[in-house]
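Me: I would like to go through this structure with you. Could we begin with the loops and then turn to the helices?

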Amino acid sequence: MVIFITGSAGLLGGALVQEFASKGHRVIAMVHRDTEIKGNDGKPIPTRRYIDRMPEVGEVMVLQGDITCDELDFDRRRLAQLQIAIDCVIHCAALVKFEAAIENLQAVNVEGTLNVAKCFPKARFVHVSTAYTCGLQNGPIKEAPNSKNGPFANGYEQSKAQAESELLKLRPDAIVARPSIVVGEYANGRIRSFDTIYRAFKFIAERRIQTVMTAQDASLNFVPIDHVVKGISALATHPEHHPAIVHLAARQAVSVEEFLQLIGKIPGLRSPRIADINSAVIASDGMAARMVKPYLSYFTRSPQFETEASERLTGRRSPQMDEAALLRQISYCVETGFIRRRPAERSSVAF
């Protein structure tokens, strides 16, 4: 198959490029500015610049483009060539900044998604979304369309929900893959870059934030990156095309309190104090509190993502993120130096 992947320089995009190339697929890796592509092991993937020929078996060709532009900023001849040759598009490119202006999020995550879909109307289309298009809903979340009206915790979720809605109008045959909170590989916790919620976790584990306010039944659904990659690969290459919405998520979420208590099981780390979200604890206006504020909502809600459709279509059982698996994730952060052991108390900061 000829696979076209947007956002190939990103964490998930790079891991997908590595996966498909290793399986002998011909990969065209679209990037915006950064032309170096790395797998989740952090090693650069051998690539060649796209020069108006299709890749050989197992070869990766890099092509620069811009999803916010009509026809992705390609010239007509090049686009026509790609339209004929590409079998499957995996759309990973997105603006993943919770605090970004809504107009910027919509330009990339909504209009950008539609631009890519319009360019390849005949190719199988796999859109990488997020399980949190459910917004602030709690309880069971079906593998089905969510309301684009929310309410949402942030503009990122809002833009991804809107993108799903508009995409399915344009391409009812699309496959929507919704990862939950992507973390390191299941076996060892390895991850190439520590983004999004990892930043909040770092400040908590290093005791720069000593009190975490959470709802009583709040939970976190962590999914290993290798499960997401294998799931998307299975959806993209399934012998039969099945339009679907699937959650690439853990079988069960872990309670926020349980997860935070696990931090203290790592030598040199201590678990934070836990306060009810309705308590009188006031967040500091310090740097740590400001940087984790965009991720606060993860600690106050309890969605339960159904995964039956995912398991049926990918043939992969959703992972069980038990205590051992979660400790591997925390340990990797410490072993790589992302989290530094800080046994001494610091000034009290809460969020």
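Me: In which loop does Leu72 lie?
Reply: Leu72 belongs to the loop between strand E4 (60–64) and helix H2 (76–85). Helices (H or I, at least four residues) and strands (E, at least two) are DSSP runs, numbered from the N terminus. This is a predicted model, in which local features need pLDDT of at least 70, side-chain atom pairs count only at pLDDT 80 or more, and totals for chains, interfaces and linings use all residues. Residues are numbered from 1 along each chain as its sequence is written, and side-chain values use heavy atoms, with hydrogens and water left out.

Me: What is the phi of Leu72?
Reply: The phi of Leu72 is near 60°, a positive value in a residue other than glycine. Most residues other than glycine have a negative phi, and most peptide bonds are trans.

Me: Is Leu72 buried or exposed?
Reply: Leu72 counts as buried because its relative accessibility is 0%. Buried means under 20% relative accessible area, exposed over 50%, and partly exposed in between (1.4 Å probe, protein chains only).

Me: And what about Asp73, buried or exposed?
Reply: Asp73 counts as exposed, at 56% relative accessibility. Asp73 is also in the loop between E4 and H2, and has a positive phi of about 70° although it is not a glycine.

Me: Which residues does a cis peptide bond join?
Reply: Gly150 and Pro151 are joined by a cis peptide bond, with omega about 15°. Pro151 is located in the loop between strand E7 (139–141) and helix H4 (155–170).

Me: Next, helix packing. At what angle do H5 and H7 pack?
Reply: Helix H5 (residues 197–205) and helix H7 (residues 256–263) pack at about 55°, with their axes 10 Å apart. Axes are lines fitted to C-alpha atoms, for helices over the stretch in contact, and angles run from 0 to 180 degrees between N-to-C directions. H5 and H7 are therefore oblique to each other. Angles under 35 degrees count as roughly parallel, over 145 as roughly antiparallel, 65 to 115 as roughly perpendicular and the rest as oblique.

Me: Which residues meet there, between H5 and H7?
Reply: Phe201, Ile204 and Ala205 of H5 meet Phe259, Leu260 and Ile263 of H7. By class, the residues of this contact of H5 with H7 are six nonpolar, no polar and no charged. Contact means heavy atoms within 4.5 Å. Ala, Val, Leu, Ile, Met, Phe, Trp, Tyr, Cys and Pro count as nonpolar, Asp, Glu, Lys and Arg as charged, and the others, Gly among them, as polar.

Me: What does H7 meet in H10?
Reply: Phe259, Leu262 and Ile263 in H7 meet Glu323, Leu326, Leu327 and Ile330 in H10. This contact of H7 with H10 has six nonpolar, no polar and one charged residues. The axes of H7 and H10 cross at roughly 55° and come within 10 Å. That makes H7 oblique to H10.

Me: Let us move to H6. How far apart are its end C-alpha atoms?
Reply: The end C-alpha atoms of helix H6 (residues 225–237) are 18 Å apart, which agrees with the 18 Å that its 13 residues should span at 1.5 Å a residue. The expected span is 1.5 Å times one less than the number of residues.

Me: Which residues of H6 are buried?
Reply: The buried residues of H6 are Ile225, His227, Val228, Val229, Gly231, Ile232, Ser233, Leu235 and Ala236. Several of these residues meet helix H1 (residues 11–22), including Ile225, Val228 and Ile232. Leu11, Leu12 and Ala15 are among the H1 residues in that contact. By class, the contact of H1 with H6 has 10 nonpolar, two polar and two charged residues.
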